[in-house]
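Keep the picture open as you read.

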Amino acid sequence: MYVDACALVAILADEAEAARISDALVGATKRFTSPVAVLEAVLALSRPDKFNLPVAEVESLVTEFLEVRGIELLDLPPTKQATRLALAAAHLYGRAGGG
């Protein structure tokens, strides 16, 4: 299961979708994310309306979360495959805003 930035932010910031996403992660046999997703999540979580912490501190929190949850950090696959995976995840797990 690809874990995108929105999923990371939702869980770490304990947003409304956190429990549903956590359940999906527990049920996944393989969990992975990308450097781009980590960057986006760290920047989002460091904002004043989230953790209001320096990027370096949030990076440590996100990195620890990935390790504890067994989410592997991988390079993205080629563009077409990455697009297919992202769209499949949106279809299976919904999308922000109620899709």
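On the surface, Leu 39, Leu 43 and Val 55 make up a nonpolar patch, and together they have about 260 Å² of accessible area. Keep in mind that this is a predicted model. Val 55 sits in helix 4. Is Val 55 buried, partly exposed or exposed? Val 55 counts as partly exposed because its relative accessibility is 41%, which lies between the 20% limit for buried and the 50% limit for exposed.

Now look inside. In soluble globular proteins, nonpolar side chains tend to be buried together. Here, the largest nonpolar core has 20 residues, and those touching the most other members are Val 3, Leu 8, Val 62, Phe 65, Leu 66 and Ile 71. At least two residues of this core come from each of helix 1, helix 2, helix 3 and helix 4.

Which residues does Val 3 touch, leaving aside those up to four places away in sequence? The contacts of Val 3 are Leu 8, Leu 25, Phe 32, Thr 33, Ala 37 and Ile 71.

Most residues other than glycine have a negative phi. Asp 14 is not a glycine, yet its phi is positive, and Asn 52 also has a positive phi without being a glycine.

How values were computed. Residues are numbered from 1 along each chain as its sequence is written. This is a predicted model: local features need pLDDT of at least 70, side-chain atom pairs count only at pLDDT 80 or more; totals for chains, interfaces and linings use all residues. Side-chain values use heavy atoms; hydrogens and water are left out. A nonpolar core is a set of buried Ala, Val, Leu, Ile, Met, Phe, Trp, Tyr and Cys residues joined through side-chain atoms within 4.5 Å. Buried means under 20% relative accessible area, exposed over 50%, partly exposed in between (1.4 Å probe, protein chains only). Helices (H or I, at least four residues) and strands (E, at least two) are DSSP runs, numbered from the N terminus. Contact means heavy atoms within 4.5 Å. Patches are made of residues with over 30% relative accessible area and no salt bridge: like charges are joined within 9 Å, nonpolar side chains (Val, Leu, Ile, Met, Phe, Trp, Tyr) within 5 Å. Accessible areas come from the Shrake-Rupley method with a 1.4 Å probe; for residues, only the protein chains shown count as cover. A salt bridge is a side-chain nitrogen of Lys or Arg within 4 Å of a carboxyl oxygen of Asp or Glu.
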